[in-house]
Amino acid sequence: MSRSFLSRIVVGGLLVASTSGTIQAESKTEKTATGYVFQDTNHNRKKDPGEQGLGCVRVSNGKDVVCTDQSGKYELPVNDDTILFVIKPQGWRTAMSKNLTPEFYYIHKPAGSPQSKYPGVKPTGPLPASVDFPLYPQKEPAQFRAIFFGDPQPRDQKEIDYIAHDVIEELVGTDASFGVTLGDILFDDLSLFESQARGIALLGIPWYNVIGNHDINYDAPNDKLSDETFERAFGPSYYSFDYGQVHFIVLDDIEWIVPEENKETKKEKKGHYEGGLGKEQLEFIKNDLQQVPAEQLVVLMMHIPMIEIEDRQDLYRLIEKRPFCMSISGHTHHHEHRFITKEDGWRGPEPHHHIINVTVSGSWWSGSPDERGIPHTMMADGAPNGYSIISFDGTEYDLDFRAAGRSASYQMNILAPEEVSADQTAETEVYANIFNGSERSKVEIQVGNSGSWAVMEKIDEIDPSFKKLSETENAVEGKKYRDLPKAKKSSHLWRTKLPAGLKPGTHLIRIRTVEMDGDKHQSGRVIRVLPARPVEKTASTTVTEK
């Protein structure tokens, strides 16, 4: 949904609903939509006689949030560019598309979307007498798991196939309750929404979508119209839902800005995006959270990281007093745990935990292909491409990093030389890239079974292994793969030096980590220590004075 779709509403003429769920609208340019949220016992998506209306279920027009009355009825103001949606309550599911994307909304665009390169919504005609939302009961335990994809970002069908083979195949049969793509579902070609959704649907779980900067209409003249194709495929670009004991809010933090044409030079107007939410969306978040208990965990899902949103301070004011709230994004193509503090204007008693999620496409499907013909696409922070699985338990959550095409135990990369001279061990550096590591991780190293564990130093530097890999691969002449990006500093890199006095022979380096959520991982690397080289004697010259 475009953030400004309610810009013509006279805010002063609106009264927030009481428990009856009714909003009074004085503006004559508006209509009032009415309908029911009901249990669809015969699964025909229509409210038939005898089917029970559901009370105390929230419904929104993208700004106001009302609760249905005891009969399941609601009323909301709409104009000719409104998307109505039900906020899925705990223990219920909404209708699903054939591709298992939730259909929890009704689009009201009587004239349809304006013409664009990628089609939007067809004309919906007059507002129905009753806009009803069917729900279906389902079990939702307090403990559940959800899958998070950052930036799958395929350019074409070939790269959609990469996603299928690199990620989807290994996830078939998952016990996750649902999944979320955190934006950049595609890489500009919006005709591929359907194909991408079909592949993900093989997982057999509901799949929610966040809009990214590569999912909008670049020919749109303004932000209001930039989401039309996304809306046709997936509905509103921001919304919320409950699952188990957790409240999830999907945000649209892409603002499409097209400058006014210069009448003197008559230069073509070129748009660009910025990170932002807008007043209407912030009003929705405010109204939504007012009906979410303080003791309920709130998860904000967005594309551009929170710390890059222009109006993030307004968002901070809405969430910083909540004791249980976290957020997750994509966009930057690296994996990072950020803790937002007063240095960024945060006023909450504790830092806010924001996750920049690992991307499915890694470094935009770049790098040399593996034995399957799929680019290794390592990210510029030295972490592999992949996805995350978050386990929820009431107000607690635990993120597991999963590297695509690897076992669940692959959680770090250890960089050490193959061999080192015994007299050089104390000067030899060992690096550990702990993919899901953060400033709250503890990382230790042991060399040899009898060695003691020593704490490694966390550093904010470029991963040497990625730097070497990118320089080597990018220098290949006549290559038929895309260059890897320039290396960037990693937020999950540790370093130390080998102990002095290692005897010649083969040694095992062990590295272990305890992450902020208590998860423990361990891995190892073998090195060989060679005998110290003998000191070369230099010939001396004796000078005899005459």
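Reader: How much accessible surface does the protein chain have, and what share of it belongs to carbon and sulfur atoms?
Author: Good place to start! This is a predicted model in which local features need pLDDT of at least 70 and side-chain atom pairs count only at pLDDT 80 or more, while totals for chains, interfaces and linings use all residues. Residues are numbered from 1 along each chain as its sequence is written, and side-chain values use heavy atoms, with hydrogens and water left out. By the Shrake-Rupley method with a 1.4 Å probe, where only the protein chains shown count as cover for residues, the accessible surface is about 24800 Å², and the carbon and sulfur share is 49%.

Reader: What percentage of the residues count as buried?
Author: Buried means under 20% relative accessible area, exposed means over 50%, and partly exposed lies in between (1.4 Å probe, protein chains only). Of the 546 residues of the protein chain, the buried part is 55%.

Reader: How many helices and strands are there in the protein chain?
Author: Both are DSSP runs numbered from the N terminus: helices are H or I with at least four residues, and strands are E with at least two. Counted this way, the chain has six helices and 31 strands.

Reader: Which phenylalanines does Phe178 contact, leaving aside its neighbours within four places in sequence?
Author: Contact means heavy atoms within 4.5 Å. The partners of Phe178 include Arg145, Ile205 and Tyr243.

Reader: Which strand gives the most to the lining of the largest pocket?
Author: On a 1 Å grid over the protein atoms alone, a pocket is an open set of points where a 1.4 Å probe fits, with protein on both sides within 12 Å along at least five of seven lines, and lining residues have an atom within 4 Å of a point. The largest pocket is lined by 26 residues, with Pro323, Cys325, Pro351, His353 and Tyr397 nearest its centre. Strands β18 (325-329), β20 (352-356) and β22 (396-403) each supply at least two lining residues. With four residues, the top contributor is β22.

Reader: Why is α4 described as largely enclosed by the rest of the structure?
Author: Helix α4 covers residues 279-289 and holds Lys286. At 37% relative accessibility, Lys286 is partly exposed. Among the buried residues of α4 are Phe284, Ile285 and Leu289. The helix is largely enclosed because its buried residues number eight of eleven.

Reader: Is Thr377 buried or exposed?
Author: Thr377 lies in the loop between β20 and β21 (386-393), and has a positive phi of about 45° although it is not a glycine. Most residues other than glycine have a negative phi. With a relative accessibility of 0%, Thr377 is buried.

Reader: Is His43 buried or exposed?
Author: His43 also has a positive phi, about 60°, without being a glycine. Its place is the loop between β1 (31-39) and β2 (58-60). Since the relative accessible area of His43 is 51%, this residue is exposed.
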